[in-house]
Amino acid sequence: MIFPGDEGFEQAVTPWNLAVKQPVRAVAEAHSVDDVVDVVRLAGKEGLAVTAQPSGHGASGDVADTILLRTHGLTTLEIDPVAKVARVGAGVRWGRLQAAAAAHGLTGLPGSSPVVTVTGYTLGGGLSWFSRKHGFASSSVRSFDIVDAEGNRSVVTRDDELFWALRGGGGDFALVTAMELDLHPLPDLYGGRVLWPATRAPEVLEAFKEITATAPDELTVWFDLLRFPGSPPFVAVDSTYLGKDASGFLAPLDRIGGALSDTRAPMPLTALGDITGEPTDPGPGASKAQLLDGLDGILERVMPIDPLISVQIRHLGGALARPSDSAAGQVAEPYLLYMFGLPGAEDRQREIADGGRKPFTFLAPGESAAAAFPAATLERLRDIKRRHDPANVFRSNYPVLAG
């Protein structure tokens, strides 16, 4: 365990978003479940809380009086190709799991980045490229290996109320050291990005609306406005299709002239992160998200996008809109707006988004878990938190008991 002022502390405490400061009491690294048990019991004895961060993604900065527990050393990864099940340690990242699953013609339910950890992403629900077909990533969990607030190990399965809470309610209830989750057959994958000058944005948005109005659950499309440093603004459509060829479904894009590039093609599962090309190294940033009932007037709200770097609209629906027996629940809204910029872009983000509901993993510093859940879901999560962790030993990035 290292403390403020110790050599290596600043590096150990730094999260993925370099704009977020983490004023913790100490940082500990777990290389085994025994290490996790020791830290949890120490925190309980000293009246401190434990914040688990394998990679530092999603950090909010709400970590005063906590021990920051780095779980990136929990790297167990086992694939059972017959049962179509993966066992994943808390430190395993999506790129590694996907490569292992792809070797057997299987896939998990990853998002846009291969460097996010499977566990952290899934505890928050996990909005995948393939969620329209298979639901939130949390819906595929079979069990959780946990250390509870008293430092005891156990396995949480479907007959435990913690199973409901941990599937989308975050890491506020127990410290998850590993998960078992279902994998899904994936014989073929098609996807890529089409890019145009931003002047074509109205045409591209109309095509996006046309495609999403009738898209099968196997097809996911995202609309993007992009402003790369030193370049003019662009508009793009990103897509994946669980099948051999989605060109027929995406035909409205081909009626738009002036495309600068088009990477749509059959693709290996291991190249999924290449579609959006998100950074794989830490950096400073500011983000904000909001679920949308529709797209009327959206271009007028978001253009020009300066000083933002990207404005993304994800098509939801499909399995996400169906009932779910988990804290992640169902999402009635058909679209998700997500904005990203450098620190200083927050005012522009607030102008565009009015503070509506958003998925848990899209919360940003300064927001609370209350913005991610319906009132009844939030109250159930709070009740489970009070009964399973009355001393508040665990503090997730966005605690459910916070206002």
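Leaving aside its neighbours within four places in sequence, which residues is Phe394 in contact with? The model is a predicted one, in which local features need pLDDT of at least 70, side-chain atom pairs count only at pLDDT 80 or more, and totals for chains, interfaces and linings use all residues. Residues are numbered from 1 along each chain as its sequence is written, and side-chain values use heavy atoms, with hydrogens and water left out.

Phe394 is in the segment after helix H11 (375–388). Helices (H or I, at least four residues) and strands (E, at least two) are DSSP runs, numbered from the N terminus. Beyond the four places on either side in sequence, Phe394 is in contact with Val40, Val50, Val147, Asp148, Ala149, Gly171, Asp172, Phe173, Ala174, Leu175, Lys385 and Asp389. Contact means heavy atoms within 4.5 Å. The relative accessible area of Phe394 is 2%, so the residue is buried. Buried means under 20% relative accessible area, exposed over 50%, and partly exposed in between (1.4 Å probe, protein chains only). Leu48 is 346 residues from Phe394 along the chain, yet 8.9 Å separates their C-alpha atoms.

Gln312 belongs to strand S17 (residues 308–315). Its relative accessibility is 6%, and therefore Gln312 counts as buried. Two polar contacts involve its side chain. One, at 3.0 Å, is with the side chain of Asp224. Another, of 2.7 Å, is with the side chain of Arg314. A polar contact is a pair of N or O atoms within 3.5 Å; within protein, one must be able to donate a hydrogen and the other to accept it, and residues adjacent in sequence count only if both atoms are side-chain atoms. With neighbours within four places in sequence set aside, Gln312 is in contact with Trp222, Phe223, Asp224, Leu336, Leu337 and Tyr338.

The loop between helix H9 (298–302) and S17 contains Pro304. Pro307 also lies in the loop between H9 and S17. The peptide bond from Met303 to Pro304 is cis, with omega near -10°. A cis peptide bond also joins Asp306 to Pro307, with omega about 5°. Ile305 has its place in that loop too, between H9 and S17. Ile305 counts as buried because its relative accessibility is 7%. Its contacts, leaving aside neighbours within four places in sequence, are Leu225, Leu226, Arg227, Ser310 and Val311. Pro233 is 72 residues from Ile305 in sequence, and their C-alpha atoms are 8.4 Å apart.

Positive phi values in residues other than glycine were found at Asp65 and at Lys84. For Asp65, phi is near 60°. Asp65 sits in the loop between strand S2 (49–52) and strand S3 (66–70). With a relative accessible area of 40%, Asp65 is partly exposed. Phi of Lys84 is likewise near 60°. The loop that holds Lys84 runs between strand S4 (77–80) and strand S5 (85–89). Lys84 is partly exposed, at a relative accessible area of 33%.

In helix H3 (residues 94–102), the buried residues are Trp94, Leu97, Gln98 and Ala101. They cover an arc of only 95° around the axis, and so lie on the same side of H3. The arc is that of the directions from the helix axis to the C-beta atoms. An α-helix has 3.6 residues a turn, so residues three or four places apart point the same way. The cover over the buried residues of H3 includes S4, S5, strand S6 (106–107) and helix H4 (118–123).

On a 1 Å grid over the protein atoms alone, a cavity is a set of points where a 1.4 Å probe fits but cannot get out, and a pocket is an open set with protein on both sides within 12 Å along at least five of seven lines; lining residues have an atom within 4 Å of a point. Grid points are joined across faces, edges and corners, and a volume is the space filled by probe spheres set on the points. One cavity of 30 Å³ or more was found in the whole structure. The largest cavity holds about 50 Å³ of space. Its lining consists of Leu127, Ser128, Ser131, Arg132, Thr220, Trp222, Arg314, His315, Leu316 and Leu320. Helix H5 (131–134), strand S12 (219–226) and S17 each give two or more residues to this lining.

The second largest pocket has a volume of about 230 Å³. Among its lining residues are Trp16, Glu29, Arg70, His72, Arg93 and Pro282.
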